[in-house]
Amino acid sequence: MDENTAARRVLTNDEYQDAARRVREAARRSGTTLTPAATDDIVAALLTNAGLVAPPPEPEPGACTALFPDGEGLWAQCEQDLGHADEYHSDGELEWTDDHPDAVPPQC
Ligand SMILES: [Zn+2]
């Protein structure tokens, strides 16, 4: 499958919270209490493996609000100026366009 043509399905917030709860409960059964960050990391890894992605976060203000999920399923936000004319968005490592099926275009 070409990863540039097939969009990964984005979970709803409810689906994501349910998945995170199940991961925390499974860890607890093994005697481990996960931090929220560890839970998010594990859920993102599981979702990515299944071709799914967590709901995008609220973009940080003060920069372009374009969002894109990286290869690990973690959301990156464009670091360029709000409303930049360049069609490429970038967080300094990843570069993407609004045409990509996984991209969330700027909200301005
Ligand atoms: Zn941008």
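Apart from residues up to four places away in sequence, Ala27 touches Thr32 and Leu34, two residues being in contact if their C-beta atoms, placed from the backbone, lie within 7 Å. The model is predicted: local features need pLDDT of at least 70, side-chain atom pairs count only at pLDDT 80 or more, and totals for chains, interfaces and linings use all residues. Numbering starts from 1 along each chain as its sequence is written.

Ala27 lies in helix H1 (residues 13–29); helices (H or I, at least four residues) and strands (E, at least two) are DSSP runs, numbered from the N terminus. Ala27 counts as partly exposed because it has 15 C-beta neighbours inside 10 Å; a residue is buried with 20 or more other C-beta atoms within 10 Å of its own, exposed with 12 or fewer, and partly exposed in between. Of the 108 residues of the chain, 15% count as buried.

Two helices and six strands make up the secondary structure of the chain, in the sequence order β-α-α-β-β-β-β-β. The domain assignment, which is automatic or from a database, gives domain 1 (9–53) and domain 2 (57–108). Their centres, taken over C-alpha atoms, are 24 Å apart. Five residues from domain 1 and five residues from domain 2 take part in the contact. On the side of domain 1 that touches domain 2, helix H2 (residues 36–49) gives the most, with four residues. This side divides into four nonpolar, one polar and no charged residues, where Ala, Val, Leu, Ile, Met, Phe, Trp, Tyr, Cys and Pro count as nonpolar, Asp, Glu, Lys and Arg as charged, and the others, Gly among them, as polar.
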